[in-house]
Amino acid sequence: MSAASVRIEGLTKVFYDDSRGEVRAVDDVHVECASGEILGLLGANGAGKTTTLRMLSTVLTPTGGCAWVMGHELREAPQDVRLSIGFYSASTALYPKITPRETLRFFARVNRYPPDRVEERVELLIDRFGLSEYADSRVEKLSSGMKQKVSIARTLAHDPPVLIFDEPTVALDVLNALELREIIGQLRDDGKAIIFSTHVMSEAEQLCDRIAIIHNGRILACDTLDGLRGVTGKHYLEEIFVHFARDSEA
Amino acid sequence: MTLRGGSKLGIDRQVLTIYAHELRSAFRERNIVIYSIVLPVVMYPLLLWAIFAGIQFVQGQTDRLESRVVLVGLPEVHRALADSLEEKDGVELVPWEDSQDAAVSAIAAGRLDVLVEFAAPDSNGVALPNNFTVRLYYNEARDRSSGARARVEEVLTDYRDAWLDRERKDLGVSDTAWDDFGIVLKNVASPDEVVRFLLALIIPTLMIITVALAAFYPAVDATAGERERSTWETMMTVAASRATVATAKYLYVATFGTVGGLLNLVALGLSLRWILAPLGGSTEELASAGIPLSAFPVIALGTALLALFVAAIMLVLAAFARTFKEGQSMITPFYILLILPSMFMQDPDMEFSMLLASIPVLNIILLIREAIMGVYHMPQIAVTFLSQILFVAASIGFAQWVLRNEGVYMGTHEGGLGSFLKGWFSSRASSS
Amino acid sequence: MRGTGVRAIYGLEIRSLLRDRRTVFVSIVLPVVLMPLLLLASSRVERSRQQREESRHYKYAVVGSDSTFMLELLGDSVRRDGGEPADSAAPTFETVPTTDALNDLESRAIEFFVESLGPEEWRAFLAEDTARADELEDFHDTPVARVNFRSNRRSSSVGARQLRTRLAEIRRVRRDSVLVEAGFPIHPENLATLDVRNVASAVEVAGARLGRMLTLFVVLLMMAGGGVLATDTLAGEKERGTLVTLLTTGATRAEIIWAKLVAVTSVALVIVLIQIVNLWIYLGLGLIDVSSGFSVSVAPATALVLFVLYVPVAALASGILLITSAYAKTYKEAQLLFMPAMIGLLLPTLAPFLPEVSLSSAIVLVPLANVAIAARDVLVGQANWLMIGIAWLVTAAAAAYAGRIAARALEDENLVAGADSDRAAFLGGPALFRKRVLHWFVVFWAVKILLEMNIAFDDIRWTALFHVGVVFLAAPLLMVWHFKLDIREALALRAPKAGVWLGVVLGAPAALIVVTGFFQLVNLVLPMPRELLENFGQAILPEGIPVWQIVIFLSVIPGIVEELTFRGALLHGLRRRFSPVVLSLVVGGIFGFFHFQIFRIPSTAVLGVILAGITVLTGSIFPAMLWHAINNALALYLGSEGVDLGGGTWMTYASASVALALALWIVWLNRSLYPDLKGQLPSRGAHEHSNSARPEPPG
């Protein structure tokens, strides 16, 4: 087993559909992500980003291949995988009737954070994410930016070594997105392994240590930005992406 | 009928377009189709079948149960009584060696059903030789024992009557003097009338329920549902006035209420006739029984008026909801308020007076009931329609007034109708 | 499973519920306020109606040739009306003159009228009515009082019956005096007197009455109370997106379901408690007096036992609700599933209505039904604690199992993630047919029963042709047309191997005997009511119809069209959903249910299973058609010849079973399997079909 916090080997997801027959949403994906590293999954809508991350977070079961999170295999020990990750996506909402403080407390407990240190952790997160102003109002009353912050804080409730963010900035305005990117950067510095998906080129350029370009369920390339520039001879990520995408379809 | 209700609001091509759009989407929405259309068609036969099958099943089980009867101290001259008990279907005479107390406790425990104990008659009866008195022990807490009691009592009564008949013959009382006079009951109502009477007992209440139920989902869906799907704002930005949109939605909800109610009437009429057949008469006679076609215009009009009223209130209530669930809980109290009185205050002898004809909803119940029975009190019908139309107009006016509020219309108002009214009253109080 | 995880989720559920004020109001506060109000109102209405009936003043008329005699008889009552009423609670009667009694009755001027008929009139009337000819024998030329009423008016039927009772009483008194005058030594009322003694105490009787209803009532309250949370908790969470959040945390599926189960259960129990206490208070304060049977005083110890007994019931009800919630993709869908779940749960609670069901029988193994009976036993005061303990455990185990099923639904990624939208629904066609075929059959069943109830022709041939020929033919054709199916594929219109026919000809008569034997066997467990049993053998062939027509209308046409419906369309639609054996059972069972009579369902289902099996084995509808037609023709023929198949010895049934087995073996040897089944059986001839029977082309 390598030192990588997350290792994906040949992960495949095939849907069987009555009318379309076999649909390979994710096809033989190989990637790794070490702690203190941000891996960006870059792809167009429907490329297989979400399906990959959903498999990694055990929401979907892979039809082929393996993946290890902190040494736990997805299908063999899904429970241990879940304990090691914090997962955030557009489809993971917050409970509307409870407050941010209660939310953090709840997720810390449910994720088996040592009970005697839960309060301490909750305070820490409230402090760090600047939630104190509205920590005791119900989530349903918060604005979407506030909710987003609470959501991210929620993934950290149990201090997991691996964070999986599926298009975290998609619904945010410029300022909120910027703030979120800063937070993600800080989390990397804390030594987390972070995998996040996006279709925003600039975001990937700024934030990612390595970028995996995914198209039609396949990983077309995975390298640092400079590495990708070297291979393609193009400078901008957008050009690089188009290069690979056109290439694969040709 | 929708045209008439809507003409006050100004029906035009746009209203019809939106109305058609709403109807089309409704027919593609599973819940609405199921609650408004499929449920009445499937539910009644299924339910009635289940009831019938259940009754037959229980009856079969009951018939199978033998009544375990113990006779104690039967005089030899009355041997024939034991014989007729033995011959009686479902009675089994159990030989009993133990004490009588043991038999009583066996009945209490359910191991025996009836103990028949013969004893000497009291002083009033001793003058007749061989007379006796019977003590019959049974257990009312057990069906089997109660059933056994009925079977045994029947045999005992028959035996006593036969005995009395023998005695009077011996005394020379003639048949004619003994029979004295005959008593016969004759029902001069035709089977059709009986069936209609029974239908009239059940259907009006169910009409209220189904009209409300059929309007319920469309009302929530046309407001909260649209907000949930974020199609509300799309609708707001089309080149139609708000009144147009509201009118179209209103007509659509009312249409569903009416159609659901009428469909239910047909389904129920068809299923119930079968159930009621044994009460009414032979099947041939019943072939024509049922709700007279001539009653349909009155019933349909009554149903439509009811639906127009229900739809207006439900729309106002649901207009405050932002989610489907919220909409449901906002409408539910009204729904309960609407149907419960009609469910629990049934009185078949209630007369359709002018006073009752002016009470909304209740007047529709009575109107439909009389129409099913084939009775038409024209003044009451007129008053009913008049009062119901006034009521519909008032509820539409109220709906328009509430929906004129920006916050309500756009769904930004916090809380329901209650809080809205409270807010309005307090703002008026402070301004004056 | 860890306590902290369960506690955290439980706390979250309850807190979220309590903070949803509107839901709490609608589902808890409103019912608590409304229930006593309703009981109060309905008992008031009922009481005032009773009072009105008891003290009612009836106007009626006496008509007919002998009316003076009748008026004299009734004079007592009439006179009483003139003066002060003796007993204010008793109804009073008043005669009014009439010229047209029937008309007055209709116009409500009178409630009923007594026709006083002379002996000759009555004799003439009886002679005319052939159905009452035997009454003529016992008629001894007495006058007759005929009370005419209208049963479509309550006051009329109630009043007429009350007058009849009064007349009977008058007659009894007159008779008794005749007998005494003739010299009977005692007053007739002292002859063979009957003294009925109830050995059950008032508590036991009330307990039996209450015990019959209690579980039904309690489960109803539980469903109403727990339902709101249950539908919201899984289905609602799916819709709001919080379920995925929860599922990617470190809480195990078992912890999640367990916490939710406990939450729903505790809400259900609390609501039941609140409602019962609520009722108790109102009953105790005398605000409501429900009919005397229910004013039962339950000892605290009994109440405690009942509460303990109802804990697993609440858990089971919650478990079932959670399953519906877990399998629904949205809140709306969960609500839709709520109704069938509720009916399914309420059905077993009707068990105490069955006569003489003891807990010391197989019923102890039926969850819910066993607790319902245990509750009744406890209330009657005849508890068998061992059996009650078993009942408790069985229901608790069922609740745990329901929880497991719900937990399994959380593993289903299609349900949880709402992964792919329903493409089948989008595209329509054969793929959609497979999904919808059962829905279609439910509606078809209801339509069929409605048609049978309401449409009958004078000629039995037309009736048969309509209900079998038209309706059963229309259904499969409608499905073929609606879903754009290939008609030959869908209805299995292909030739079987030749050897199959031998098996059919041998098997059909044998199966008829076996099925009849099975019917007898079922009748032991599911006895028919006597009345029905008597009518059952009397389905005689209609007279005056040529034999060949009977064969066509009652055996050939049903053989063809019923097969097209069940072994054709239904089997085709379900073929990929169940393994071949289960497929045959399901198709046969549904066929049974289309024979509405519950006592016929099991035996026709057996025939249906055999026919479905034949179709699966031969891949063709035709052998089943022939089998079905032979079966009907033979049954009709034997019936008309008076041969009772039910009277066979066990030897008859055994040899018929051997013959049937032989026939099925012949079919097996000549099999060419139905194409495209789920988990194909080992087959010889399957390949013949596989070319023509590719799964539908895409689109």
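Chains B and C meet through 87 residues of chain B and 84 residues of chain C, where contact means C-beta atoms, placed from the backbone, within 7 Å. Helix α3 (residues 30-64) of chain B supplies the largest share of the chain B side, 18 residues. By class, that side has 49 nonpolar, 18 polar and 20 charged residues. Ala, Val, Leu, Ile, Met, Phe, Trp, Tyr, Cys and Pro count as nonpolar, Asp, Glu, Lys and Arg as charged, and the others, Gly among them, as polar.

The model is predicted: local features need pLDDT of at least 70, side-chain atom pairs count only at pLDDT 80 or more, and totals for chains, interfaces and linings use all residues. Residues are numbered from 1 along each chain as its sequence is written, while chains are lettered from A and ligands numbered from 1 in the order in which they are written.

Strands also link the two chains. Six bridges join β5 (residues 182-187) of chain B to β4 (residues 144-149) of chain C, and the two run parallel. In this pairing, B:I183 stands opposite C:A145.

Now chain C itself. It has 27 helices and five strands, taken as DSSP runs (helices H or I, at least four residues; strands E, at least two). Of its 699 residues, 40% are buried, with 20 or more other C-beta atoms within 10 Å of their own.

Two of its helices, α22 (residues 547-574) and α23 (residues 580-593), have axes that come within 10 Å and cross at roughly 135°. The helices are therefore oblique. Their contact residues include C:F566 and C:L570 of α22, and C:V587 and C:I590 of α23. Nine are nonpolar, none polar and one charged.

Key. Axes fitted to C-alpha atoms, helices over the stretch in contact; angles between N-to-C directions. Parallel < 35°, antiparallel > 145°, perpendicular 65-115°, else oblique. Contact = placed C-beta atoms within 7 Å. Buried ≥ 20, exposed ≤ 12 C-beta atoms within 10 Å, placed from the backbone. Pairing = 2+ DSSP bridges.
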